[in-house]
Amino acid sequence: MCGRVTIQTPALAIARELGLAGVRSALERPRYNLAPTQLMPVVLNDGERMLDAVRWGLIPSWAKEASIGNKLINARGETVAEKPSFRSALKRRRCLVLVDGWFEWKQSTKPKTPYLFKREDGRPLAFAGLWEEWTAPDTGEVLRTCAVITTGPNRLMAPIHDRMPVILRPEAQAVWLRPEPQDAAELQPLLVPNEDEPLVAWEVGRVVNSPTNDVVACVERVASQPALL
């Protein structure tokens, strides 16, 4: 799964990197340990190509309570077209989720060992995501929320975990952001492990284990351990 990310690149720099039209809303500060229920940088497929910030944890429009979003932070690429919580969003409401990197915990160690995954050059990554708009029945508050689509591991991830986010190449990003409804058959080939992205990973300290720790130490490499390439 993907349950923790880091984003330190300023909003305007992300907009330039992706050739966006501008910034509609953005994070107020760098996030070293961003967790579900918090705001996540995204580009919605609304045809406007603007950077936005929406809540991480997808709340389907039909949901009675917002708490369902706590369980819907990820969608499995293999079954996303079949699940009632995701299939409508896959067809109509897709987004890019922009991060500098993500954390995963090695399952075979006790305690589990956290690793940070990111691009070798430090540039932002674009995950395949879904978004929804939900209206609270009691207050009328409108929330936009998102989920990250995951797939099986690539070569770098396989020794650490059996799932990873779907990382979209630039040509796939253009397809994913089409505002028109799309058939699942056209999108499914995009939801695979990315073996081409120049990624690197390194072990980080267990300070990242708690989502209340949002400090630069969360992304710093454990000095005694080599990076994974």
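This note comments on the pockets, selected charged residues and salt bridges of a predicted model.

1. Basis. In this predicted model, local features require pLDDT of at least 70 and side-chain atom pairs count only at pLDDT 80 or more, whereas totals for chains, interfaces and linings use all residues. Residues are numbered from 1 along each chain as its sequence is written, and side-chain values use heavy atoms, with hydrogens and water left out.

2. Largest pocket. A pocket here is an open set of points on a 1 Å grid over the protein atoms alone, where a 1.4 Å probe fits, with protein on both sides within 12 Å along at least five of seven lines; lining residues have an atom within 4 Å of a point. The largest pocket has a volume of about 280 Å³, a volume being the space filled by probe spheres set on the points, which are joined across faces, edges and corners. Its lining comprises 17 residues, and Glu-17, Leu-18, Arg-123, Pro-170 and Gln-173 lie nearest the centre. Two or more lining residues come from each of α1 (11-18), β10 (125-135) and α3 (170-176), with α3 giving the most, 3 residues. Helices (H or I, at least four residues) and strands (E, at least two) are DSSP runs numbered from the N terminus. By class, this lining has 10 nonpolar, 1 polar and 6 charged residues; Ala, Val, Leu, Ile, Met, Phe, Trp, Tyr, Cys and Pro count as nonpolar, Asp, Glu, Lys and Arg as charged, and the others, Gly among them, as polar.

3. Second largest pocket. This pocket holds about 150 Å³ of space. Of its 15 lining residues, Thr-9, Pro-10, Ala-11, Leu-27 and Arg-29 lie nearest the centre. The strand β5 (50-56) gives the most to the lining, with 3 residues. The class counts are 10 nonpolar, 3 polar and 2 charged.

4. Arg-4. Located in the segment before β1 (5-7), Arg-4 is buried yet has no salt bridge, and the nearest side chain of opposite charge, Asp-214, is 8.8 Å away. Buried means under 20% relative accessible area, exposed over 50%, and partly exposed in between (1.4 Å probe, protein chains only). For charge, Lys and Arg count as positive and Asp and Glu as negative; His and the chain ends are not counted. The side chain of Arg-4 makes a polar contact with that of Asn-33 at 3.1 Å and reaches the backbone oxygen of Asn-209 at 3.3 Å. A polar contact is a pair of N or O atoms within 3.5 Å; within protein, one must be able to donate a hydrogen and the other to accept it, and residues adjacent in sequence count only if both atoms are side-chain atoms.

5. Salt bridges. With a side-chain nitrogen of Lys or Arg required within 4 Å of a carboxyl oxygen of Asp or Glu, the count comes to 13 salt bridges. Glu-17, Arg-119, Asp-121, Arg-123 and Glu-197 are linked in a network of them.

6. Glu-78 forms a salt bridge with Arg-163, the closest N and O atoms being 2.8 Å apart. Glu-78 lies in the loop between β6 (74-76) and α2 and Arg-163 in the loop between β11 (142-151) and β12 (164-165), so the pair ties together parts 85 residues apart in sequence. Glu-78 is partly exposed at 41% relative accessibility, while Arg-163 is buried at 8%.
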